[in-house]
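I open this notebook to keep track of what I look up, entry by entry, in a structure that is new to me. I begin with the ligand and its surroundings, then turn to a pair of helices and the backbone.

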Amino acid sequence: MSHQGCDIGLIGLGTMGRNFVLNMADHGFSVGVYNRTTEKTKEFMETEAGSRPIKAGYDLQEFVGLLKPPRNLIILVAAGDPVDALIRELLPWLAPGDLIIDGGNSHFTDTNRRFKFLAGKNLNFMGMGISGGQAGARYGPSLMPGGSREVYDRVAPILEAAAAQVKGEPCVTYLGPRSAGHYIKMVHNGIEYGLMELIAETYDLLKRGLGLTPAELALIYDRWNREDLNSFLLEITAKIFTRKDDRTGKFLVDMILDKAKQKGTGRWTSWDAMDLQVGTPTLDAAVVMRDMSGYKEERRSAARFLTGPTPAFPGDRQRCIGQVKNALYAGMIATYAQGMALLQKASITYDYGLDLEAVARIWRGGCIIRAALLEDIRTAYKTRPDLPNLLMDPHLGQEFMSRQADLREVVKAAATLGLPAPGLMVTLSYFDAYRSTVLSANLIQAQRDFFGAHTYERLDAPGAFHTEWEE
Ligand code: 6PG
C-alpha cells in the first residue's frame, strides 16, 4: 500500500459494503474501511481482507487519516437519517475538496439537500446508485453516479474498474448533476418492481391457471431466459423454481409466504411519476400489488366470502404458454418504456441533461434489471436521443405490436379465470391509450365544467369555454 494513504475509503461494512471493498481492492486500489461496530471491522479484517491493500480505522478520525487527500469516501449506510447523522459526524475530520459518495438508496431530494449543504462547506458530494445486490458489489455492479463531472473524473478509474463490464464497456458513467444518479437508481428500482410483478403474474397464470409445477416452470423460464426474454430476473426465477426446501423437501417457492416487502424505492418512483405527470401504470400496479400482498389475513377472510371463477384453463396449454411468454416480453418493453419516459421528463424538469443511451448502456450489466432488451433500448436512443417513448422506436414498437394479440389473449384469460394480472392489464391499456388519437377525456372536461365551471377547450376553436349545463 502506498505510504501516501488509501485511494478511497468506505464506511459501512454490511454485505454490500464488504463486497464492494473487496472488489475495489482486487482491482489494485487501496481502501480504508470503517464500521460503527468495531467488532464488525475486526471480523472483516481478520476473515475477509486477507493480504489485500485494505486498512481499518477504528474511529472516524483514524479512518479519515488513512485516506489520501483530497479524500474520496463512500458511505453505505441505511438511507434517511443515518446518512445525515454520519455526514455530521464526519464534518470535523474532513478538509475542503474532500468527497463523500453516498452509495445507498437515498431519496433524490435528500441528495439535492446534502449536495447543497456540503457545497456550502467546500466539500464535494456524489449520490451514486449501486445495483446488483451482494454478487454485483463483489464482482461488478452497475454504478449510477451523479454530482459534478470533475469530481466524477477523480474517482472514475476506481469506479470503472469495479463496475461490471459489458463488451469492454464499464457499467458506470457520469450521469448528470446533483441527484441525477440517485434519481436514475430510483427509476431503475421502479422498473425492477414492474418487471418482477409481470414475471410474478405470468407465474400465477401458469401455476394456478395451467396447474404447472415448479419443476415444469423451471424448464419454461429457463428456456425463455435463453431466448428473447434473456435477463437477470428470468434467470434467477428459473433457479428459484428448482430449489427444494431443506425442512420439508418440497419446492421452496411453495413454502414462502405470499407477502412481498418493500423498502420504498418503487413507491418513490410512482410518486414522482405522478408529480411529473408521466404515466407509469405498470410500475404503479407493481407497488399496489406489493401493498395488497401484505393484507394476507384480510384476503384469507375475503376469499371465503367473495367468490369468482375457478382458475382452471380449458384451452390449448402449449399455445397458452407461448402467449404468456409473448405477453411478458411486451410487458417488459412497456415497463422500460414507462421508466425511460419518466427519466426523459425528469431530465427536463430537474435540469439533469440525461443521456438515455448512456443509462441503457450502464444497465446492460451488473444491475437487477439487466436484460438483452437493453441492447435494443440503447440502440433506440443512439438513433434518436429525444425519442418520446420507446414504443415509438421502429424496432421496439414492432416487437410490441407483433406480440399484442398474445397480450390481449393473456389478459382475456386472466380476466376469465379470475386471476389478478394488473401489470399485464394496465400494460395493454397503456399501449391502447398511448396509440389513441381520441381518448374519453372530453367527457371528463365536460363533467369538470358542469360541476365546477372549470371550462373546457374545443376541437374547432381556440380558447376556454364554459356552458351552463343545467337550464
Ligand atoms: C438493486 C436493488 C437493491 C435492493 C432493492 C430492494 O438494484 O440492487 O434494487 O437496491 O435489493 O432496494 O428493494 P425493495 O426492498 O423495495 O424490494
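Before the first entry I set down that a polar contact is a pair of N or O atoms within 3.5 Å. I also note that I am working with a predicted model.

I then turned to Ser 131, where an N or O atom of the side chain is 2.5 Å from an oxygen atom of the ligand. On its own the ligand has 420 Å² of accessible area, and I find that the protein covers 80% of it.

**Entry 2, the shell.** How many residues surround the ligand? I note 14, and the closest are Ser 131, Glu 192, Tyr 193, Lys 263 and Arg 290. Sorted by class, this shell has two nonpolar, eight polar and four charged residues. Its largest share, five residues, comes from helix H8.

I followed H8, residues 180-209, to the place where it packs against H11, residues 265-275, at an angle of about 105° and with the axes 8 Å apart. Angles of 65 to 115 degrees count as roughly perpendicular, and therefore I describe H8 and H11 as roughly perpendicular to each other. On the H8 side the contact includes Tyr 183, Met 186 and Tyr 193, while Arg 267, Trp 268 and Asp 272 are among the residues that H11 brings to it. By class I record five nonpolar, five polar and two charged residues in this contact.

Most residues other than glycine have a negative phi, and most peptide bonds are trans. Against that background I marked the peptide bond from Pro 69 to Pro 70, which is cis with omega near -10°. Pro 70 lies in the loop between helix H3 and strand E4. I also marked Arg 178, whose phi is near 45°, a positive value, and which lies in the loop between strand E9 and H8.

Conventions
Residues are numbered from 1 along each chain as its sequence is written. This is a predicted model: local features need pLDDT of at least 70, side-chain atom pairs count only at pLDDT 80 or more; totals for chains, interfaces and linings use all residues. Side-chain values use heavy atoms; hydrogens and water are left out. Axes are lines fitted to C-alpha atoms, for helices over the stretch in contact, and angles run from 0 to 180 degrees between N-to-C directions. Helices (H or I, at least four residues) and strands (E, at least two) are DSSP runs, numbered from the N terminus. Angles under 35 degrees count as roughly parallel, over 145 as roughly antiparallel, 65 to 115 as roughly perpendicular and the rest as oblique. Contact means heavy atoms within 4.5 Å. Ala, Val, Leu, Ile, Met, Phe, Trp, Tyr, Cys and Pro count as nonpolar, Asp, Glu, Lys and Arg as charged, and the others, Gly among them, as polar. A residue is near a molecule or strand if one of its heavy atoms lies within 4 Å of it. A polar contact is a pair of N or O atoms within 3.5 Å; within protein, one must be able to donate a hydrogen and the other to accept it, and residues adjacent in sequence count only if both atoms are side-chain atoms. Accessible areas come from the Shrake-Rupley method with a 1.4 Å probe; for residues, only the protein chains shown count as cover.
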